[in-house]
Amino acid sequence: MTTINYLTRGSLIRTGIPSCRDGRSHPHLSLLLLAGIAMTLFAIAPVSAEDGTQYLAGSPKLSAAISGNNELTPGKEVQLGIVIQNTGTNQFKFVRSNIVNRDDLPNTAKFLTVGLGAGSSPLIVKSDPQLTGDLPASSTATATFTVKVPTDAAAGTYQLPVSLQYTYLYNADQYGYDTIEYRYKAMNETLTIPVKIKPDVRLDVESVQVSGLNAGTEGYVTLIVKNIGHEDGKKAILSIARNDGSPVIPTEGSAYIGDFRAGGTATAIFRTSIDSGAEEQTYPLDVYVKYENSDGDTITSESESIGIPVGGKIKFAIVSGPQTIAAGQKKVITAQFKNTGGATAHQAVGRISMVDPFSSNDDSAFLGDLAPGEMKEASFLVSADGTATVKSYGIDAEVRYRDSLDNQVVSDPIKLNVEVVPEKNFMSTLTGNPVLLALLVLVVIAAAGFYYYRKKKLQ
């Protein structure tokens, strides 16, 4: 037997290789033995690996702040950005060759979810909590929330709660050279951020009075407004504006009201026109105020929509029956005009428009003031052409009048019915009147008798 010595880790390993009967070693057996020794040495040799890092006693540390200005204005809807910052640190760091690197660091906030609440403030938060993902140390994440500030929100500073939900790696145990057991901890934190609702001038329309507002006319709107806000408005200007397609259209839309103190009232009168297509109903009108605040800035308040009652259009009708005129005749015809609207027509004048076969040198008649439901008669001198066709005609008529602000208005066209009858001559008049015909016969007989009597007397 042949003996071979190996030195491994400072120890001598001695082994023997069997030899043949003639004292020589067998080559195949020697190769097999050497292969087995090599495999054994490989199995017990130390693992060669790069240095690994392990952190202990670390955790996230989160804080919250508002991105930009934290002053809010009543009546506005804003996008409020909440910035979350992680200032967490890792206290201990180990570096060894037998440590496997961890996937996460203890000071990383994982799966961070940010929520915003209203707390005791009057704000309305319209957004749900938002997932911002993993937040490593020395990093920030921003969550944006839609916040509505009610128009009646009281001025002041409020604390809004910010809820934070996340997990972090608080422990990791390594088993052997390739196995790590991770342990995470779920966290729920609530932070607060301050917001300030600025004082402002807020309008409340206490009284609306109108006069002369009818479709197609112009009148006045008188408003009494109150400042129900918390700010004293300086150099205030009260204004009205058309609301979308409303037929209420301001003619004079601004009035200076000066200092408009919190809790104070002001009165303003505005000249307003009404579109001719308006119906008898209530239409919207916007009211707002411009003022100078305590910082010297010019501010425009939130507008308030009010209702303006509008009367129907002033209308007229000819309530008299049809007028007759003979072809070739000149005649005075009459028409009764009635105000069927809801307001007085001042200095009204009735007019007719002549077309063939009619003509006139007197086509206007003064009616004066016509109150709602009142009637007045007008007379017109009309000539009918001798070739006029015998039938009924509709002559266009109108009424020109002045509204309550002395604006001239023309009514919608109305119809005056006139019937043309056959031309009248002596024979048609005679044959159409039996009494006249009898008288004529008597006159002829009397004349004939007188002639016969005179003739006899002269003989």
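Hi everyone, let me start with one tyrosine: Y182 is partly exposed, with a relative accessible area of 26%. By that I mean the range between buried, under 20% relative accessible area, and exposed, over 50%, with a 1.4 Å probe and protein chains only as cover. Y182 forms an aromatic pair with Y184, and this pair is tilted, at 6.3 Å centre to centre and 35° between the planes. Y184 is partly exposed as well, at 37% relative accessibility. For ring pairs, the centres of Phe, Tyr or Trp rings (the six-membered one for Trp) lie within 6.5 Å; planes under 30 degrees apart are stacked, over 60 edge-to-face, and the rest tilted.

A word on the model before I go on. It is predicted, so to speak, with local features needing pLDDT of at least 70 and side-chain atom pairs counting only at pLDDT 80 or more, while totals for chains, interfaces and linings use all residues. Residues are numbered from 1 along each chain as its sequence is written, and side-chain values use heavy atoms, leaving out hydrogens and water.

Now the overview. The protein chain has 3 helices and 32 strands; these are DSSP runs numbered from the N terminus, helices being H or I of at least four residues and strands E of at least two. Buried residues make up 33% of the 459 residues. Of the contacts with a separation of 6 or more, 68% join residues 24 or more positions apart, where contact means heavy atoms within 4.5 Å.

Back to the rings: which angle do the planes of F358 and Y393 make? They stand at 85° with centres 5.2 Å apart, so this pair is edge-to-face. It links distant parts of the chain, with F358 in strand β27 and Y393 in strand β30, 35 residues apart. F358 is buried, at 5% relative accessible area, and Y393 is buried at 15%.

F358 brings us to a sheet. Four strands form an open, antiparallel sheet in the order β23-β25-β29-β27; strands pair if DSSP finds at least two bridges between them. β23 and β27 (358-362) are at the edges with a single partner strand each, so one side of each has no neighbour in the sheet. Between β23 and β25 there are 3 bridges, in the antiparallel sense, and A317 stands opposite K338 in β25.

F358 also belongs to the largest nonpolar core, where, among 31 residues, it touches the most other members together with F316, F337, F380, Y401 and L416. Such a core is a set of buried Ala, Val, Leu, Ile, Met, Phe, Trp, Tyr and Cys residues joined through side-chain atoms within 4.5 Å. Strand β30 gives the most to this core, with 5 residues. Beyond four places in sequence, L416 is in contact with I318, I333, A335, I352, Y393, G394 and I395. Another core lies apart, with 28 residues including L223, I257, A278 and V287.

One more sheet, then I'm done. Here the order is β14-β15-β19-β17, open and antiparallel, with 4 strands. Its edge strands are β14 (203-211) and β17 (248-252), each pairing on one side only. β14 is joined to β15 (residues 218-227) by 8 bridges, and D204 has K226 as its bridge partner in β15.
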